Amino acid sequence: MNILVCMKQVPDPQASSSGTTVDSEAKKVIMPQGTPPVLNPYDENALEAALKIKDAQGAKVTVISAGKNMAKTVLRKSIAVGADDLILLEDAAFENMNSYETAHVLVAAIKEIGEYDLILCGRQAADTDAGQVGSGIASILNLPCVTAACKLDISDGKAMVQRVVSDGFEDVEAPLPAVITASSEIGEMRYPGVKEIMAAQKVRITSRKASDLGVDVSQLKKPNLVSLDSPPGRTTDCQMVEAETPEEAGADLAVKVRESQIL
Amino acid sequence: MADYKGVLTYCEVIDGKLPSITTEVLGCGRKLADDLGQELCTVLVGSDVAGMAQEAITLGADKVYVVDDPQLKDYQTDAYTAVMENIAKQVMPEIIVFGQTSVGRDLVPMLAFRLETMATLDCVGLAIDSETKKLLQTKPVYGGNAQATYTCDTYPQIATVRDKTMAALDPDSSRQGEVITIDAGLDPSAIRAKLVKRIKEEEEGVRLEEASVIVTGGRGIGGAEGFTKLQDLAALLKGAVGGSRPPCDNGWLPPNRQVGITGKIVSPDVYIAVGLSGSIQHLSGCGQAKKIIAINKDPEANIFKYADFGVVGDWKKVLPAFTDKLKELLPE
């Protein structure tokens, strides 16, 4: 069983909650200084799903990541937790790719690998929140696709997937090979041990450029970014309700919200 | 481009009805069509849905394409993508608008790649550029830290829109429109990923998306039991209970109760945040609430930067006292 997991490196979404600014003129988001790159959390969920299958029935897990100037230590974490291979698609042309370009570049690498039973991705990236790459890969390769998986089992050449929908869950059965995108409920990625982290630094990783893959990103379509602005902020001035005891504060809060006719 | 004309919306049906998001998508489509001086078409896909075509006309559609087939009873990616691809190729609309629902999130990326165009998901604004006549698609990015506006050079231009960001029209029963039935033309063998079972999580009381008051708990609630206290307040205010990601990941609440960028995006009149820090991922799901009330023991919690009223303290003591006092003060 060959499982491919597509992973993106993103600026740590936990660190980015304050201090992020927008340069509207340059149409760029400026992250706070020192925001570390991390593996996209939803892609970590996808890798965990792959590792659970590997634990249960054995599988070769290959991680693929595309970008420019990627932090190798961050990506090697995937090896430390149990992935067998890491393929880096690294090229200046792979900087800030949109979903359409990313899907095409990943497909070029997937075709080169050739053998796969299952392709796993996170449901979306924590920076762009586009959520289109998994479906794009499936569409280009003409494979079945199941999105937002919270449970995954493989048996008899089929994937049994439970997916999260707004009013509950759906159980879906898809023949392999298939593309499945993971939601956070599928489980957090396991922690690597110190020994595994050290060992992962020595594992050889495969590196491919645009020319190796035969893709010309400039020929791919691109949406035009017309403008980038700060979000229309909430200009609130929080009225803090204080009292001797928490119970009194709770009661005073009720009085305040009634007075101001919010409730 | 010359061959693409008109606006098409996806007329999503939920539980045999047109939900508010569908009426909002129709209202948005109507406005775009008027700005372009073109027609608004909409597509009803499902089994036993033809009866809703007239309602879609009263809500703004000029033409309703109906694809009614027992095989389309439940949403399945392959079947619905095939139907929508077929319709897009027949109708050749310039713009297609969906709601950012479970169906929209799943179907739209697949459809866009099939049509060799691009889609912008989760838009909070759609407008026609007065000069180029292109669709300006505005959406939050970087977890809501920035707002980007895109255009796309390929057609059709496809977008999904967030709940409660577009205005629905008041139903007008005098509106005239045309209903056109289209054969699904489905090849059953093309449905590869098959739906085996739907498990509906009954939502007690009001649906999160439609609630005017939402009481949401975070990691600080500590377990499933704590949420009964939130439920007491929600019941009093005829609102709904939600959670940030940790309570849902830990199983204290079902996943469909999650508010945030990967859960539901809500815009209630009042949002009461209890024991939650206010991560940017969570705030992208509730930042459009008209008023926010926060209770948290950490005075530095991010949520206070967004709240209108706040109490620093142990929610276990603050919340019941708040609920009791409100009960006293609210009219019967």
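These questions and answers cover the domains, the chain interface and the cavities of a predicted model.

Local features need pLDDT of at least 70, side-chain atom pairs count only at pLDDT 80 or more, and totals for chains, interfaces and linings use all residues. Residues are numbered from 1 along each chain as its sequence is written, chains are lettered from A and ligands numbered from 1 in the order written, and side-chain values use heavy atoms, leaving out hydrogens and water.

Biologist: How many residues of chain B are in contact with chain A?

Modeller: Contact means heavy atoms within 4.5 Å. Chain A brings 81 residues to this contact. Chain B brings 80 residues.

Biologist: What area is buried between chain B and chain A?

Modeller: Buried area is the accessible area (1.4 Å probe) that two parts lose on being put together, summed over both. Within chain B, B:Phe113, B:Tyr142 and B:Phe309 lose the most area to chain A, together 11% of what that side buries. Carbon and sulfur atoms give 58% of the total, which is about 7100 Å².

Biologist: How many salt bridges does the rule find across the interface of chain B and chain A?

Modeller: The rule asks for a side-chain nitrogen of Lys or Arg within 4 Å of a carboxyl oxygen of Asp or Glu. A:Arg163 and B:Asp106 meet in a salt bridge at 3.6 Å, N to O. Across the interface of chain B and chain A, the count is 4.

Biologist: Which domains does the assignment give chain B, and how far apart are their centres?

Modeller: The bounds come from an automatic or database domain assignment. In chain B, domain 1 covers 7–190 and domain 2 covers 208–329. Taken over C-alpha atoms, their centres are separated by 32 Å.

Biologist: How far apart do the C-alpha centres of the two domains of chain A lie?

Modeller: Chain A is assigned domain 1 (2–219) and domain 2 (233–263). Their C-alpha centres lie apart by 44 Å.

Biologist: Which residues line the largest cavity?

Modeller: A cavity is a set of points, on a 1 Å grid over the protein atoms alone, where a 1.4 Å probe fits but cannot get out; lining residues have an atom within 4 Å of a point. The largest cavity holds about 90 Å³ of space, a volume being the space filled by probe spheres set on points joined across faces, edges and corners. From chain B, the lining takes B:Tyr75, B:Gln76, B:Thr77, B:Ala193, B:Lys194 and B:Leu195. From chain A, it takes A:Cys145, A:Val146, A:Thr147, A:Arg163, A:Glu170 and A:Val172.

Terms used:
1 Å grid on protein atoms, 1.4 Å probe; cavity = no way out; pocket = protein on both sides within 12 Å on 5 of 7 lines; lining within 4 Å.
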